[in-house]
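Biologist: I would like a close look at one part of this protein. Please keep it plain, and go step by step.

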Amino acid sequence: MRKSYPKEVFLNGQWLPHDQATVSVFDRGFMLGDGIYEVIPFYQNKLFTPDEHIQRLKAGLAEVGIAYDVDSLKTTASEAVVRAGCNEGAVYIQITRGAAPRTHYFPADVEPTVLLYAFHLSLGGFEQKLVDVILSEDFRWHRCNIKSISLIANVLANNFAHQQGVLENVLIRNGLVTEGSCTSVFFVRNGIVYTHPEGPHILPGITRNLVILLCGEMGIEVEEKAISVNDLPFGDEAFLTGTTMQVTAIGSMRIGSEQLVVSTDVGQVTRRIQQAFIKRIEAL
Ligand code: PDD
């Protein structure tokens, strides 16, 4: 299905019809993938966990030395939701280093390019889904904690999954599961929830962190420990988390020619987490 463009976008301080919003061909986002992005979900016209997303954006910009004060963006994101006129979806924010003659080093005196818009996304019903995934090698860089717009490795991984007829590609680095091409990954075994620890090999997912918090509130034990691909057959449940997939159960995993059925129904622990997550949304 071809997706549609948002009606209007916020570009460098101005709201513009999407077809009138343009940037220089010398923008370093376009030329070098030199920028940071964020995706904030909204439900019932309200931003969900906006402060956490803005904080991660701020941290990402600091990591790559782009000087931009993000504090006003929460208000702009709320305005985008109103302007988009849909109940649920996400706000996309992208900040690049700006336009300058091409160099590999940071150019002096550039103004960052700031783009923001809201778009519709169907966010309901995730708790009824079971997604199939494939597993393949994590060939991304060693600073995956930065939400960089240079997403070619994630694009290749995700597109490979789609070519195989599944939604997500779960990545393996040195025999350990890191995360999905655009999601965090959790496993459940004997009632304990496992996910890769934060660090340079995963994005510190906002949904991931909320799930860990919710588990704490419910007394579900969480171990932030990477799971070996060899241990996958011994897991009881597995699920993906993220802004676009929320908390979605994994039905099956394909590793090479091997098909591993995780579950034919959403597992008990996953279901409890989903219910707690839905409660959070309802409390907005
Ligand atoms: N992706 N890991 C990766 C590599 C991601 O790209 C994402 C999010 C996540 C989940 O993070 P969060 O819970 O903060 O959404 C984990 C976004 C949605 C995207 O690229 O569109």
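How many salt bridges are counted between domain 1 and domain 2?

Modeller: One salt bridge is counted between domain 1 and domain 2. Keep in mind that this is a predicted model.

Start with the layout. Domain 1 covers residues 8-120. Domain 2 covers residues 126-282. Their C-alpha centres lie 26 Å apart.

Now the place where they touch. On the domain 1 side, 23 residues are in contact with domain 2. On the domain 2 side, the number is 18 residues. The size of an interface is often given as the accessible area lost when the parts come together. Here the buried area is about 1700 Å². Carbon and sulfur atoms give 66% of that area.

Next, the charged pair. Side chains of opposite charge can pair when their charged atoms come close. Arg143 and Glu63 do this through their side chains, with N to O at 2.8 Å. Polar contacts between domain 1 and domain 2 come to seven residue pairs, with both residues at pLDDT 80 or more.

Which elements build the domain 1 side? α1 (28-32), β3 (35-43), α2 (50-64) and β5 (89-96) each supply at least two of its residues. The largest share comes from β3, with eight residues. By type, the domain 1 side has ten nonpolar, eight polar and five charged residues.

Lys147 sits in the loop between β7 (130-137) and α4 (152-163). Its relative accessibility is 13%, so Lys147 counts as buried, because buried means under 20%. What does Lys147 touch, apart from neighbours within four places in sequence? The contacts are Gly35, Ile36, Tyr37, Glu38, Val39, Arg56 and Leu203. Take Val39 from that list. Along the chain, Lys147 and Val39 are 108 residues apart.

Now step back to salt bridges in the whole model. The count comes to 14.

Lys74 and Asp51 form one of them, with the closest N and O atoms 2.8 Å apart. This pair links distant parts of the chain: Lys74 is in helix α3 (residues 73-84), Asp51 is in helix α2, and 23 residues lie from one to the other. Lys74 is partly exposed, at 33% relative accessible area. Asp51 is also partly exposed, at 47%.

Glu79 and Arg83 make another salt bridge, at 2.9 Å from N to O. Both residues belong to helix α3. They are four residues apart, so about one helical turn separates them. Glu79 has a relative accessible area of 33% and is partly exposed. Arg83, at 31%, counts as partly exposed too.

Arg208 and Glu224 also meet in a salt bridge, at 2.7 Å from N to O. Arg208 lies in helix α5 (residues 206-218) and Glu224 in strand β12 (residues 222-224), so this pair ties together parts 16 residues apart in sequence. Arg208 is buried, with a relative accessible area of 1%.

Some salt bridges share partners. Asp138, Arg140, Arg173 and Glu179 are joined this way into one network.

Conventions:
Residues are numbered from 1 along each chain as its sequence is written. This is a predicted model: local features need pLDDT of at least 70, side-chain atom pairs count only at pLDDT 80 or more; totals for chains, interfaces and linings use all residues. Side-chain values use heavy atoms; hydrogens and water are left out. Domain bounds come from an automatic or database domain assignment. Contact means heavy atoms within 4.5 Å. Buried area is the accessible area (1.4 Å probe) that two parts lose on being put together, summed over both. A salt bridge is a side-chain nitrogen of Lys or Arg within 4 Å of a carboxyl oxygen of Asp or Glu. A polar contact is a pair of N or O atoms within 3.5 Å; within protein, one must be able to donate a hydrogen and the other to accept it, and residues adjacent in sequence count only if both atoms are side-chain atoms. Ala, Val, Leu, Ile, Met, Phe, Trp, Tyr, Cys and Pro count as nonpolar, Asp, Glu, Lys and Arg as charged, and the others, Gly among them, as polar. Buried means under 20% relative accessible area, exposed over 50%, partly exposed in between (1.4 Å probe, protein chains only).
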